[in-house]
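Biologist: Before we discuss helix packing and pockets, could you put the model on the screen, so that we can go through it in turn?

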Amino acid sequence: MSAAAVQFTHALLRTQTPTSWLEQACSLPDLLLIDHANCEKKAASTALSLMFAYAEDLDLTERLSRLAREELRHYEQVVKMIAALKIKPERLSPGRYAAQLRRSVTSCEPQREVDLMICGALIEARSCERFAVLGQRIDAPLNGLFEGLHEAEARHYELYLALARRAAARTKVDLESRIDVLAALEAQLITSPDPVFRFHSGVPVVG
């Protein structure tokens, strides 16, 4: 990822991933990969849901269609890695991150569209940041996988943020104030104790 992309991502995120999460992730590569595969499926599903929600916006649906296809290609890459490493797949319960972040999304339009796009940008930005640091710390062959994915995540982040800006300009919603609210919540989820390890979980609970 370019230095500019890293700075752009960190401009949206209010905090970096805690070292304790990185240490736990490096010690649980099988669980990390299985949940990562789930995240890629959820990302594709989110893009498709937004395409249905805002079907009258052809530019939005076309751009999110491309994003959904790329997320599914990433899923296929992760599944190939899971198979190559002979990891036994298992069904995992969802973590708290995305659900609690979206709980703060406004229920009424037009602010709802802006909030949903901001949430998408925050989730992709966090994924991008975690791929970058995992690529530097986790053992091969996972480091190569994550290094190969973080540039795509940066594009996804930029797309969601661009869609949020466009929606806010069209509807006169105060974009920066909504970013402040949702980014603060995202940072709290990342830095607070979290008993369940997932790709987007918070600080590990010891003991």
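Biologist: Which handedness does the crossing of α6 and α7 have, and how are the two helices oriented to each other?

Modeller: This is a predicted model, and in it the crossing of α6 and α7 is left-handed. Their axes come within 7 Å and cross at roughly 160 degrees. Since angles over 145 degrees count as roughly antiparallel, α6 and α7 are therefore roughly antiparallel.

Biologist: How do the residues of the contact of α6 with α7 divide by class?

Modeller: The contact of α6 with α7 includes five charged residues and seven polar ones. The remaining class in that contact is the nonpolar one, with a count of 19.

Biologist: At what angle do α3 and α6 pack, and how far apart are their axes?

Modeller: Helix α3 covers residues 29-53 and helix α6 covers residues 111-137. The two are roughly antiparallel, because angles over 145 degrees fall into that class, and their crossing is left-handed. The values asked for are an angle of about 155 degrees and axes 12 Å apart.

Biologist: Which residues of α6 are met by α3, and what classes make up this contact?

Modeller: From α3 come Leu32, His36, Glu40, Ala43 and Leu50, and these meet Leu116, Met117, Glu124, Phe131 and Leu134 in α6. By class, the residues of this contact are seven nonpolar, one polar and two charged.

Biologist: What is the volume of the largest pocket, and which element gives the most to its lining?

Modeller: The largest pocket has a volume of about 430 Å³, and of the 27 residues that line it, Cys39, Lys42, Ala98, Ile123 and His200 are the closest to its centre. Two or more lining residues are given by each of α3, α5 (97-103), α6 and α7 (142-171). The lining as a whole divides into ten nonpolar, seven polar and ten charged residues. The element that gives the most, with seven residues, is α3.

Biologist: How much space lies in the second largest pocket, and where does the largest share of its lining come from?

Modeller: About 240 Å³ of space lies in the second largest pocket, which is lined by 15 residues, those closest to its centre being Ile34, Asn38, Lys41, Pro89 and Glu90. The elements that give two or more residues to this lining are α3 and α4 (58-84), and by class the lining has eight nonpolar, two polar and five charged residues. The largest share, six residues, comes from α3.

Definitions and conventions. Residues numbered from 1 in each chain as written. Predicted model: local features only at pLDDT ≥ 70, side-chain atom pairs only at ≥ 80, totals over all residues. Heavy atoms only, no water. Axes fitted to C-alpha atoms, helices over the stretch in contact; angles between N-to-C directions. Helix = DSSP H or I, 4+ residues; strand = E, 2+ residues; numbered from the N terminus. Parallel < 35°, antiparallel > 145°, perpendicular 65-115°, else oblique. Left-handed = near helix turned anticlockwise from the far one by under 90°. Contact = heavy atoms within 4.5 Å. Nonpolar A, V, L, I, M, F, W, Y, C, P; charged D, E, K, R; others polar. 1 Å grid on protein atoms, 1.4 Å probe; cavity = no way out; pocket = protein on both sides within 12 Å on 5 of 7 lines; lining within 4 Å. Points joined across faces, edges and corners; volume = space filled by probe spheres on them.
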